[in-house]
Amino acid sequence: MDAEQGGARLSEGAGRMLVAGSAVLFSLSGAGIKLCAFGPWQLGGFRAGIAGLTLWLLLPAARARWQWRLAPTALAIAAMHILFVWGNKTTTAANTIFIQSGSPLLVVLLAPLVLRERLRARDLAVAAACTAGLALFFLAPDRATLRSPAIGLGNRLAAAAGVAWAIAILGLRANRGRGAETAIVAGNALACLGCLPPLLAGTAGAGFVAGGARDWLVLLGLGTVQSGLAYALYVRGLRVVPAAQASLIGLVEPVLNPLWVFLLFREERPAPLSLLGGAVILAATAYALLTPSAVRTSSGSSGAGYRPGRRGSRP
């Protein structure tokens, strides 16, 4: 898709609406994952496969020829998808999304090495605040429920998902305009293939489940709309919306994600420490985005005005 269709250029206001719409769709993941009766291997694998196919159909740039330099990014995306589903199946939706939302911490620390971006004191302050916020989640005395049976394990899985997501962000930024969409589709395909062996073997007691019509409809919705369509909207919106502004709009996701779960199931009320940790992370992220550029390239040029190219996207 081009930024101009029918002679009319996409306005920045319309772009912001697309980014906001994608954030709302992304926020449905926690409720959908917990509503579906399938185990993590089945849900994670099938969801990723459906999302990958949806993206391949919606994004012509995703059909570009494969290049092996995209492999680390694709592997990180695959790991993130699997770990995120497992995290949602074992801890609360609030913990999963807020802990994973701490991934910018690693991006800030690794950007100088991977992207040759120079850090400033503000970056380290934001990183320290995010670290403190993440620590509060691991101190929160959440109570295990039927849909969140292992809070501690799920928190660790969510943290690992955040690490994978940070690596994916770095890879996509390094490859923007050079096959980022292809890496996203490949990552979803790898997640699907990676889930098949343990699914068929029934690893961790999570074998194939026939499920009911509702489970399959939820799975289809997660793959096509919540993930696939959300990515497509995000990619198109980023063509005219500055990256910092798009990231700030994207904070809608971690705010709405646990809200949908609570409204749907009337359980998983976030613990006070979890709410505090989430507030700290959101405040630190908003501070970094609303103040002047948090990073500068080694040549001294600001990255605040960076706009992803036609191939920039979120995994």
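How many aromatic pairs does the count come to here? Hold that thought for a second, and keep in mind that what we're looking at is a predicted model.

Okay, the answer: the count comes to six aromatic pairs. As a reminder, we describe a pair of aromatic rings by how far apart the centres are and by the angle of the planes.

Let's take Trp41 and Trp86. Their ring centres sit 5.4 Å apart and the planes make an angle of 70°, so this pair is edge-to-face, since anything over 60 degrees gets that label.

Next one: Phe208 and Trp216. This aromatic pair is tilted, with 6.5 Å from centre to centre and 45° between the planes. Trp216 has a relative accessibility of 33%, so Trp216 counts as partly exposed.

Right, on to helix packing. I picked helix α1, residues 12-26, and helix α10, residues 213-237; their axes come within 8 Å and cross at roughly 160°. Angles over 145 degrees count as roughly antiparallel, so that's what α1 and α10 are to each other. The crossing of α1 and α10 is left-handed.

Who makes the contact? On the α1 side you've got Gly15, Leu18, Val19, Gly21, Ser22, Leu25 and Phe26. On the α10 side, have a look at Val225, Gln226, Ser227, Leu229, Ala230, Tyr231, Leu233, Tyr234, Arg236 and Gly237. Sorted by class, that contact has ten nonpolar residues, six polar and one charged.

Let me zoom out to finish. The protein chain has 13 helices and four strands. Out of its 315 residues, 51% count as buried. And if you take the contacts in the chain with a separation of 6 or more, 89% of them are between residues 24 or more positions apart.

Note on methods
Residues are numbered from 1 along each chain as its sequence is written. This is a predicted model: local features need pLDDT of at least 70, side-chain atom pairs count only at pLDDT 80 or more; totals for chains, interfaces and linings use all residues. Side-chain values use heavy atoms; hydrogens and water are left out. Axes are lines fitted to C-alpha atoms, for helices over the stretch in contact, and angles run from 0 to 180 degrees between N-to-C directions. Helices (H or I, at least four residues) and strands (E, at least two) are DSSP runs, numbered from the N terminus. Angles under 35 degrees count as roughly parallel, over 145 as roughly antiparallel, 65 to 115 as roughly perpendicular and the rest as oblique. A crossing is left-handed if the near helix is turned anticlockwise from the far one by less than a right angle, and right-handed if clockwise. Contact means heavy atoms within 4.5 Å. Ala, Val, Leu, Ile, Met, Phe, Trp, Tyr, Cys and Pro count as nonpolar, Asp, Glu, Lys and Arg as charged, and the others, Gly among them, as polar. Rings of Phe, Tyr and Trp (its six-membered ring) pair if their centres lie within 6.5 Å; planes under 30 degrees apart count as stacked, over 60 as edge-to-face and the rest as tilted. Buried means under 20% relative accessible area, exposed over 50%, partly exposed in between (1.4 Å probe, protein chains only).
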